Structures are given as C-alpha cells and as structure tokens.
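Hello,

Here is the structure I promised to pass on to you. Have a look at it first, and then read on for my notes on what turned up in it.

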Amino acid sequence: MKGIKIDHVSRIFNDNVALADVSLDVKEGEFFSLLGPSGCGKSTLLNIIAGFLEPTDGLVYIGGNNVTDLLPYRRNIGMVFQNYALFPHLTVFENVAYGLKIKKLPRKEIEERVTEALSLVQLSSFAKRRPHQLSGGQQQRVAIARALAIQPSILLLDEPLSNLDAKLRKEMQFELRNIQQRVGITTVLVTHDQEEALSISDRIGILGKGHLQQVGSPLEVYRRPANRFVAEFIGQVNLFEAVAKKDETGIYEALDYQTDENTTLNLDVGNLVIEQKQEKVLLMLRPERIHISKTLVEQRLNSAKVKLQEASYIGNALRLKVVMNKGELSINTPDLMFETLPNIGDEFYVYWDAKDLIPLEEGE
Ligand code: ADP
Ligand code: MG
C-alpha cells in the first residue's frame with residue numbers, strides 16, 4: 001500500500017490556470033474523492049498523479065518516492081475512466097489479461113490473476129463474453145478488474161460511474177467501496193456528484209476554480225464547510241448575511257430577511273464565538289435543520305411566520321420553499337409532518353436551534 005503526496009502542484013494551459021498551488025496527502029489505503037463542478041481541475045490533477053500530464057509547477061510522490069518525472073507505466077497505477085475503454089473484440093478474460101500479457105507474465109500466473117480479479121468483481125461466469133454482451137455496470141466492473149489485475153500500488157478512477165443510470169450507480173458505489181476495502185488499495189475517485197463522494201469516501205477534497213477549498217471527512221465537509229463555495233456545492237443551504245446587534249451578545253440581524261414590515265429577522269447564535277474581524281458574518285442553516293409548527297412558536301429568535309411558495313414531494317421527504325415578509329427559506333422535512341400535502345399559500349411557523357447556525361468564510 002502506498003500513499004500519495006501532492007506538493008504545491010500547479011498546472012497552466014496557455015493562460016488558463018487549471019490548478020493553482022494544490023497540496024494534498026492521500027493516506028495509505030484511503031478512499032479519497034476529488035469533488036467539484038465541471039472544469040474545476042479534477043481530471044487535470046488525476047492525470048498529473050497518473051503521469052499523463054506534467055505539472056507546470058510542484059511535485060508528486062507515490063509511496064514516498066518523487067515520481068514527477070516518471071512515465072505513467074513506471075508508476076504502477078491502475079486507472080478507470082468514465083467510458084470503460086474496453087477492447088470490443090476481446091473477451092472479458094482477455095480484456096482483464098491485457099496488461100499482464102504486456103508485462104509478459106507466465107501464462108499460469110495470468111490465469112490466476114484474471115480469475116481472482118473477475119471473482120473480486122463477481123464476474124467469474126462472464127469470462128467468455130464480449131463487452132457488447134454486458135450491461136454498462138458489468139462493463140465497468142470489467143474495467144475495474146482490469147485495473148486491479150496488474151496489482152497496482154494505487155487506483156485512480158475518473159468519473160467511473162457517470163454513464164450509469166441512477167439506481168445502478170448507487171449499487172456500484174457500494175460495490176466499488178466494498179472492492180476497495182477488500183483489496184485495501186489507496187484510491188482516488190474523481191466525481192462531480194456530491195452524494196457519491198459523501199457516501200463512498202474516507203475523506204473528500206473539494207476543488208473549486210483550481211483551488212483546493214477544503215479537505216475533510218464527509219461529515220466535516222457537510223456540517224462544517226470551510227466557506228460559501230463548499231457549503232453551496234455540498235447540498236442545499238440557506239445563507240444569512242448578518243450583522244451583530246449592538247447591545248445584545250450573540251444576536252445577529254439577517255440583513256435580507258424581515259419577519260414583518262419593520263422587523264428584521266433576528267438570529268441567536270447561542271454560545272458560538274464569532275470573531276469580530278469583519279462587520280458582516282455569513283451564517284449557514286441546512287434545510288433539514290428547520291422545524292415546522294402549525295401553531296405559534298414560543299421562541300422569539302430563530303423563528304418566523306412563513307407562507308408556502310413551492311412544495312415537492314420526494315417520497316421520504318418534502319422539499320419546501322417558504323417566504324416570510326422578506327426573504328425565502330428552503331426546508332427539507334420528513335413527510336410525516338403533514339398528513340396530507342400542504343397547499344401553496346398555507347401559513348405556518350418555522351424555527352431552528354442556535355447550534356444549527358454555522359458561520360462560514362466568504363472564500364475566494
Ligand atoms: P474537470 O475534470 O474538473 O471537469 P479538467 O481538469 O478537465 O476539469 O479541466 C480544468 C480546466 O483546464 C478547464 O478549464 C479545461 O478547459 C482546462 N483544460 C483541461 N485540459 C486541457 C488541455 N489539454 N488543454 C487546454 N485546456 C485544458
Ligand atoms: Mg473531468
């Protein structure tokens with residue numbers, strides 16, 4: 001098992017800065033995801049690790065060795081792409097055996113390794129088929145088996161599940177994680193799908209505009225996003241720009257929200273210590289942290305009377321958009337809250353806990 005170290009890596013294409021001074025450690029045996037919107041530099045970074053692209057600046061280490069100037073095939077890497085890239089005229093067995101033949105391994109060892117790899121991805125009985133006789137999910141499992149058969153020291157995956165439909169993608173996420181755990185191989189997955197990154201990874205690195213915005217466990221990046229970019233990219237979010245009230249400690253006024261004509265929405269951040277470097281603070285409130293009441297709520301702060309503007313039912317939950325006198329909120333609530341679906345225009349009350357207001361940096 002080998003770890004990966006990215007040391008101050010930049011990549012510039014003509015004038016376009018695809019990666020700006022990225023440093024990152026992927027630990028031995030870790031399942032690490034690079035997450036970010038399209039064009040943020042994920043594939044560029046993965047290709048620099050693989051050796052398909054040279055960094056403009058910076059160094060890459062695998063297992064403690066500087067591999068920056070090493071050709072891809074000398075890095076002992078397994079790689080899987082979105083489009084499977086299987087050889088159509090070869091059988092499943094031959095596809096998986098391909099890299100081993102190039103390495104000129106003895107026939108017996110090739111047979112053993114292919115058999116083992118196919119069993120790992122549960123395709124033992126498909127060895128004689130050709131790619132067109134397989135489903136998309138099965139083809140991708142062949143590609144994974146092929147990547148693992150060479151016994152690489154690290155596994156790199158670039159959007160491997162993006163061609164699959166939603167249900168199959170979910171199944172394959174579990175399977176991929178399962179395979180990675182059994183093999184114990186250091187893995188870097190590139191994805192733009194936040195749910196995929198959250199459900200599959202030990203840690204996630206969020207890339208935005210060529211910068212590494214945050215590295216953390218799924219729970220950390222969701223609950224404690226480093227900045228506005230991360231908060232908005234990972235899940236839905238309500239954001240309040242707020243200023244401290246003069247004579248009341250811990251109470252903030254949300255500038256763009258009014259509970260009635262003359263009253264700004266007051267936010268109570270509880271015991272939270274907000275550094276008073278800047279006048280304004282940015283506070284995040286996740287939609288699932290908002291509670292609903294049909295009757296007036298006791299608490300004066302962190303509450304408002306609202307009117308329903310939009311509702312969508314997604315089976316196990318309701319997604320609501322509500323408005324107060326000024327400003328709107330997104331809410332996710334279990335559908336048990338309402339016996340029948342609420343009607344647009346219905347009025348009710350919302351409230352939330354001080355601890356669920358999370359301060360954020362603006363970010364770059
Ligand atoms: P992602 O994989 O996150 O969608 P990429 O790493 O492919 O993003 O691309 C990052 C940026 O670098 C984009 O602006 C893209 O247009 C640019 N880019 C990527 N590869 C090349 C290339 N070979 N030549 C020029 N620009 C490139
Ligand atoms: Mg890409």
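**V92 and its surroundings**

Leaving aside neighbours within four places in sequence, V92 is in contact with L118, F126, A127, R129, L134 and V142. Please keep in mind as you read that this is a predicted model. V92 belongs to helix α2, which covers residues 92-102. Is V92 buried or exposed? With a relative accessible area of 1%, V92 is buried, since the cut-off for buried is under 20%. For a sense of scale, you could pick out V92 and I344 on screen: 252 residues separate them in sequence, and their C-alpha atoms are 55 Å apart in space.

The chain is divided into domain 1, residues 4-228, and domain 2, residues 238-360. The C-alpha centres of domain 1 and domain 2 are 40 Å apart. How many residues are in contact between domain 1 and domain 2? On the domain 1 side there are seven, and they are in contact with nine residues of domain 2.

The size of an interface is often given as the accessible area lost when the parts come together. For domain 1 and domain 2, the buried area is about 720 Å², with 51% of it on carbon and sulfur atoms.

Between domain 1 and domain 2 the count is one salt bridge. A salt bridge links E241 with R228, where the closest N and O atoms are 3.2 Å apart. Three residue pairs are in polar contact between domain 1 and domain 2, counting pairs with both residues at pLDDT 80 or more. On the side of domain 1 that touches domain 2, helix α7 (residues 218-223) gives the largest share, with three residues. By type, the residues on that side of domain 1 divide into three nonpolar, one polar and three charged.

**A mostly covered helix**

Helix α1, residues 42-50, is mostly covered, with eight of its nine residues buried. Which residues of α1 are buried? They are K42, T44, L45, L46, N47, I48, I49 and A50. Just after α1 comes G51, with a positive phi of about 95 degrees.

**Salt bridges**

The count of salt bridges comes to 18.

- E171 and K167 form a salt bridge, their closest N and O atoms being 3.4 Å apart. Both E171 and K167 lie in helix α5 (residues 166-183), four residues apart, or about one turn of the helix. K167 counts as exposed at 63% relative accessibility, because that value is over 50%. E171 is partly exposed, with a relative accessible area of 42%.
- K321 and E328 meet through their side chains in a salt bridge, at 3.6 Å from N to O. K321 is partly exposed, at 23% relative accessible area, and E328 is partly exposed too, at 37%.
- K355 and D353 form a salt bridge, with 3.7 Å between the closest N and O atoms. K355 is exposed, with a relative accessible area of 55%, whereas D353 is partly exposed, with 32%.

Through salt bridges that share partners, R228, E241, K280 and E362 are joined into one network.

**Positive phi away from glycine**

N76 has a positive phi of about 55 degrees although it is not a glycine. Where is N76 found? N76 lies in the loop between β5 (65-66) and β6 (77-80), and at 26% relative accessibility N76 counts as partly exposed.

Q122 is not a glycine either, yet Q122 has a positive phi of about 60 degrees. Q122 is found in the loop between α3 (107-120) and α4 (136-149). Is Q122 buried or exposed? Q122 is exposed, with a relative accessible area of 53%.

Happy to go through any of this with you on screen.

Best wishes

Technical notes:
Residues are numbered from 1 along each chain as its sequence is written. Chains are lettered from A and ligands numbered from 1 in the order in which they are written. This is a predicted model: local features need pLDDT of at least 70, side-chain atom pairs count only at pLDDT 80 or more; totals for chains, interfaces and linings use all residues. Side-chain values use heavy atoms; hydrogens and water are left out. Domain bounds come from an automatic or database domain assignment. Contact means heavy atoms within 4.5 Å. Buried area is the accessible area (1.4 Å probe) that two parts lose on being put together, summed over both. A salt bridge is a side-chain nitrogen of Lys or Arg within 4 Å of a carboxyl oxygen of Asp or Glu. A polar contact is a pair of N or O atoms within 3.5 Å; within protein, one must be able to donate a hydrogen and the other to accept it, and residues adjacent in sequence count only if both atoms are side-chain atoms. Helices (H or I, at least four residues) and strands (E, at least two) are DSSP runs, numbered from the N terminus. Ala, Val, Leu, Ile, Met, Phe, Trp, Tyr, Cys and Pro count as nonpolar, Asp, Glu, Lys and Arg as charged, and the others, Gly among them, as polar. Buried means under 20% relative accessible area, exposed over 50%, partly exposed in between (1.4 Å probe, protein chains only).
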